[in-house]
Amino acid sequence: MCRPGNRADRRGRTAVTEVTLRDVARASGCSVATVSRVLAGTRPVGAETARRVRAAAESLGYRPNQVARALRSRSTGTIGLVLPQITNPFFPSLVREVEHALHAGGRALLLADCDDDPRTEAARITALLDRQVDALLVIPVDETHSRAAVELAAARVPLVLLDRSCGPGVADSVAVDNAAGTALVLEHLTRTGRRRFCFLGAAGTASTAVERRMAYEAGVAALDPLASERTELGDFSVEWGRAAVDRIWPARPDAVVCANDLIAVGALQRLGQLGVDVPGEVAVTGFDDIPMASLAEPNLTTVRQPAAQVAAEALRLLAERLDGGGAEAYRAVRLSPQLVVRASSGPRAAAPTTIPGSRTSEEHQ
């Protein structure tokens, strides 16, 4: 005789069938309603009864029917995440933190990559909404061109922006304090005696590109009045970092401030090809602290983003919206960065140290 969940086919082979609540009820000697309450955790049940139900469910290999549960609760238990480009090494670290936290809370993550294209991004958002996700996390491609799609989605489901924003009044957002991170870089470079600054950044209106460039311009003006003439904008890539060095090196800067680590790694590669002594002749800094930063030659000084904290804060805001307890006004959380000092900005290689930035802040938009 087969136990619940198994049956014999015409050739005598055992085939697996779904174990139901009724099977668990029969094995535990409880009613189906009691089994449902124990396994869903919706209402209190006596300790001994709960023990018997869970023991029966485990022995039978019971797994809840997520589709049926979604129909009953009108919740799919899924969260969608749309990001600009999965090949940017910072984003997988953020996705990992989000996925682990969601899994621990019993939710699943649906991931969509839009290849830095706002039109693809809008299509991916629509596709996730069509799949009835409970909420959305979005790392927008562009502060301006992503706004319409994000605004429409935020009107339908709880939505939190990660790492980047679409301007005030669109949705809750969580990001690092880019201005504070850039200030840490400039302060460090000034203390090490750097006086001729240049900036390698990204064109366009992604909020990270704009905020880091503006913070640099505001901070460097008093340190080097001619620094604004030594700014080159391309994209967040290693290839651009290499190309940008050929544009700025004739001006002989002694500090190359890069808007992210990919640009900085490309700059280090090209400076090495040119035979430039880093950091003897020029210091190089990045932003994000991706794994590649500690593997670069020399190791890269950079601003570390707290990916775990970004994920935790975003999911906190999302949970409040899902529970119906979120604030009426959208909130903007800005988290403290850290400066990780490595060999690319000092006279010799040294163990990484961390310098804390400003405190976490939460603003209402």
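In strand E6, leucine 159 is the bridge partner of leucine 136. This pairing belongs to a predicted model, in which local features need pLDDT of at least 70 and side-chain atom pairs count only at pLDDT 80 or more, while totals for chains, interfaces and linings use all residues. Residues are numbered from 1 along each chain as its sequence is written, and side-chain values use heavy atoms, with hydrogens and water left out. Element names follow DSSP runs numbered from the N terminus, helices (H or I) having at least four residues and strands (E) at least two.

Strand E5 (residues 135–138) is joined to E6 by three bridges in the parallel sense; strands are said to pair if DSSP finds at least two bridges between them. E6 itself covers residues 159–162, and both of its faces are covered. Leu159 and Leu161 are buried on one side, and Val160 and Leu162 are buried on the other. Here, buried means under 20% relative accessible area, exposed means over 50%, and partly exposed lies in between (1.4 Å probe, protein chains only). In a regular strand, side chains alternate between the two faces of the sheet.

From E6 the pairing continues to E7, again parallel and with three bridges. Valine 160 stands opposite aspartate 172 in E7. Strand E7 (residues 172–176) has five of its five residues buried, so it is largely enclosed by the rest of the structure. Asp172, Val174 and Val176 point one way from this strand, whereas Ser173 and Ala175 point the other way. E7 also pairs with strand E13 (residues 331–335), in the parallel sense and over four bridges. The partner of alanine 175 in that pairing is arginine 334 of E13.

Strand E10 (residues 255–258) runs parallel to E11 and is joined to it by three bridges, with alanine 255 opposite alanine 283.

Another pair of helices can be followed through its packing. Two packed helices are described by the angle between their axes and the distance between the axes. For H10 (residues 238–248) and H11 (residues 261–273), the angle is about 50° and the axes are 6 Å apart. H10 and H11 are therefore oblique to each other; angles under 35 degrees count as roughly parallel, over 145 as roughly antiparallel, 65 to 115 as roughly perpendicular and the rest as oblique. The contact (heavy atoms within 4.5 Å) involves Val238, Trp240, Gly241, Arg242, Val245 and Asp246 of H10, together with Leu262, Ile263, Gly266, Ala267, Gln269, Arg270 and Leu271 of H11.

Glutamine 305 sits in the loop between strand E12 (302–304) and helix H13 (307–322) and counts as buried, at 6% relative accessibility. Leaving aside neighbours within four places in sequence, glutamine 305 is in contact with Phe90, Asp163, Val176, Arg212, Phe287 and Asp288. Glutamine 305 and aspartate 288 are 17 residues apart in sequence, but their C-alpha atoms are 5.3 Å apart in space.

Aspartate 288 lies in the loop between E11 and H12 and is also buried. Its relative accessible area is 7%, and its phi is near 125°, a positive value in a residue other than glycine. Aspartate 116 likewise has a positive phi, of about 60°, although it is not a glycine. This residue is found in the loop between strand E4 (108–113) and helix H6 (118–130), and counts as partly exposed at 37% relative accessibility.

Finally, two peptide bonds to proline are described. The bond from valine 278 to proline 279 is cis, with omega near 15°, and proline 279 lies in the loop between H11 and E11. The bond from glutamate 297 to proline 298 is cis, with omega near -5°; proline 298 is in the loop between helix H12 (291–295) and E12.

Definitions and conventions:
Axes fitted to C-alpha atoms, helices over the stretch in contact; angles between N-to-C directions.
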